[in-house]
Amino acid sequence: MYKGIKIRLAQGEPAIKDLQKAELPELFRGMPQIDTTRCTVGCRTCRDACPTGAIMLEPLRLDLGKCTFCSICTDCCPAGALSFTSNYHIASSTRQGLITDGRLSGGIKPTAASEEIKKYFGHSLKLRQVSAAGCNGCELELNALGNVNFDMGRYGIEFVASPRHADGIVITGPVSKAMSKALHETYEAVPSPKIIILFGACPISGGIFQDSEETDRSFLGDFSADLYIPGCPPHPLTFISGILDWLERK
Amino acid sequence: MKRLTVQNQRPFETSKVPELSVPEFESEVGQILSEGSRMMGLFAVEASVDSKKVLAVLGNDETSQIYLVKCLFTGESMRFNSFANEYPNTNYFECELAENSLIVPEGHPWLRPVRKQTVILGNIPYEFYSMQGDEVHEVAVGPVHAGVIEPGHFRFQCHGEEIYHLEISLGYQHRGLEKLLLTQDENKRAVLVESIAGDSVVAHSMAYSLAVEALSRTSVSLRASVIRSVAEELERIAMHLSGLSGIANDIGFAIGAAAYGRLRTLVINSLLLLCGSRFGRGLVRPGGVMFDLTEKSANKITENLIKVQQDISEINDFMFSSTSVMTRLEATGKVSLKWAGAIGMVGPAARASGIRTDVRSGFPYGAYRYHSIQTVTLDSGDVYARARMRSLEIEESLGYILERFVDIPQGETRSEVNPLMENSGVISLSEGWRGEIMHAILTGPDGKIKTYKVKDPSFNNWYGLALSVRNEGISNFPLCNKSFDLSYSGHDL
């Protein structure tokens, strides 16, 4: 028994107190910062190097829905026009909101959910996760949300086993052909009103699997998402802060 | 010579691999298998309308040699005599070849789909094995599971609570990855390789980068090699902690689950300090590493790891001495040495059954050539052994990293990558936290990659999980599953 108590004491208080104001190491790649004044006219080094076509030119913009945060753009830019800050507040409630010119120093903030959604899910939100060909990177980060550090349960937000018990689904992966039907059926099994959250570059845009012939993204054409969490994989803090902002929770 | 003998990450000219007729191929591969080697790959390297060439890759853990044999198949009906009845470790590789290239292994004991349920082998639709009799029933689980995990389908044949047979039907994660590796440029390829299995980012990018470096005769600085091995061991520690946390959770040992989970955060945050990603993404690239290790981050990582080292010994001691834990783990989900060897299991799961196999010592690569790491084995082959193995490997890896940090070699971390050699090939093995990863790359006359084959350790070990649950209560399945902790996406590609 003493061993158990000793381990409990060693645990200390590992929970991050304020998930909205945590500090991540400077190497963490979150909200990009773009300084177009440094770009040379006609230079397209970063765009040509980007593995997922996330970079648009004139003016230089970055689509976080496609970005895998691999850092090749910051590495190859001859002028240092692109960099990533450690700001993890990059969740958006619209697809368009993920395209940034890198000037929003405060990060991206989702617009508030409807009053109905806030009323139903503002105090308790149960989610069913569907991995539709996710590589286990995103799945691990979603699992991490339940650990003692992030402790998402403190906000009444939890993952549940059955879609019947859920208020919405969280999709990871680019949606393989073989998972398309299961994804549709899982979503149908969730009672209304229900929400869809896309977690990671793969569900949002196909990510690095955009050119795959083995995906069937019809579900994402049929239904629109309520919240987009960019990253490869996204940091757990991006997910939790995104939801709290969207539901206007303190 | 009927075979080409190569070593891990040593390039070879493709024309040097002897091309055999089907009977010669059967006898040569049979001979290599009888010498104690196991199959690491069996795949088509060239295919036209009326002929196909298949490369067999076999490795011997004791001699560190890799044997290559090529076979030419011609005519309408392409078939060979299956090796699987005598050497079960080849069985799944033969299924994969049949599915991908429609070359039939004659007399195969259990020809079944690997990834594509729609490809019907030999025009016979696949049906799960089933049992008949009183109180016999079938349980179907998946593809969507209760937890936050990847999709796959499990079919249990039970008598009452007892599992007689489990079939694991995968392919839900298939993203056409090997095809993309051939068609996409090198920047995309590096990110694709990191997504084969998102929990084995470093190990897969090691296998890929070392293969490209071998094929382009690019040398990597010692400093970069050491940083790579540090990242690889951090990945191993993090995932082993995640697995132990999961096992503790599955048996209701809440304090273990919480404590291992907390320590895992420290370890993946150490990877974050090293390269900006908690999973080591963006770090390892052909030519070296993209991020140098600063003194500041090395100090912080050291601090984290010393904390982990202190805390974990107490948690391990508590967990593995607790009677309630041990009654759940011991003698559950046993895979005997004989079976594990026969089916060609790899990694910690194989070592837990007493097989001394570890790419880091058997086929050393990168920094493991200069700084060896101890291979630990246990012999009970049960959930306890697989859990204990993970805790022992954490200790080994922690020691390994801290030893490297004492004296990190100075120098550049990146070197220019030369063009790939023409008509060449390489077999690149690395030891991920689940076991042996193989990447095989062959180039054409223009120096472009024309064959890319990936084998994740999960490909070897899924069948081990199916065997481990035989005669277990069905409620023990989640525990057995977690003790193997296999990758769906790594298998499905």
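Predicted model: local features only at pLDDT ≥ 70, side-chain atom pairs only at ≥ 80, totals over all residues.
1. Two strands are treated as paired if DSSP finds at least two bridges between them.

2. The S8–S9 pair belongs to an open sheet of 5 strands in chain A, whose order is S7-S6-S8-S9-S10 and whose pairing is parallel. As a general point, strands of a sheet pair through backbone hydrogen bonds, in either a parallel or an antiparallel manner. The edges of the sheet are taken by strand S7 (157–159) and strand S10 (227–229) of chain A; each has a single partner strand, so one side of each is left without a neighbour in the sheet. From one strand to the next, the twist averages 25°.

3. Two helices of chain A deserve mention alongside the sheet. Helix H6 (residues 177–189) of chain A packs on the sheet and touches strand S6 (125–131), S8 and S9 of chain A. The direction of H6 makes about 165° with that of S6(A). Helix H9 (residues 236–246) of chain A also packs on the sheet, where it touches S6, S7, S8, S9 and S10 of chain A. The direction of H9 makes about 155° with that of S10(A).

4. Chain B contains 16 helices and 16 strands. Its radius of gyration is 22 Å, close to the 23 Å given by the globule rule for 493 residues, so chain B is as compact as a globular protein of that length. The C-alpha trace of chain B spans about 65 × 65 × 35 Å along its principal axes.

5. Of its 493 residues, 65% count as buried. Among contacts in chain B between residues at least 6 apart in sequence, 67% join residues at least 24 apart.

6. The domain assignment divides out domain 1 (4–116) and domain 2 (180–455) in chain B. The centres of these two domains, taken over C-alpha atoms, are separated by 28 Å. The contact between them takes 26 residues from domain 1 of chain B and 32 residues from domain 2 of chain B.

Conventions
Residues numbered from 1 in each chain as written. Chains lettered and ligands numbered in written order. Heavy atoms only, no water. Helix = DSSP H or I, 4+ residues; strand = E, 2+ residues; numbered from the N terminus. Axes fitted to C-alpha atoms, helices over the stretch in contact; angles between N-to-C directions. Contact = heavy atoms within 4.5 Å. Rg over C-alpha atoms; globule rule 2.2 N^0.38 Å. Buried < 20%, exposed > 50% of the residue type's maximum accessible area, 1.4 Å probe, protein only. Domains from an automatic or database assignment.
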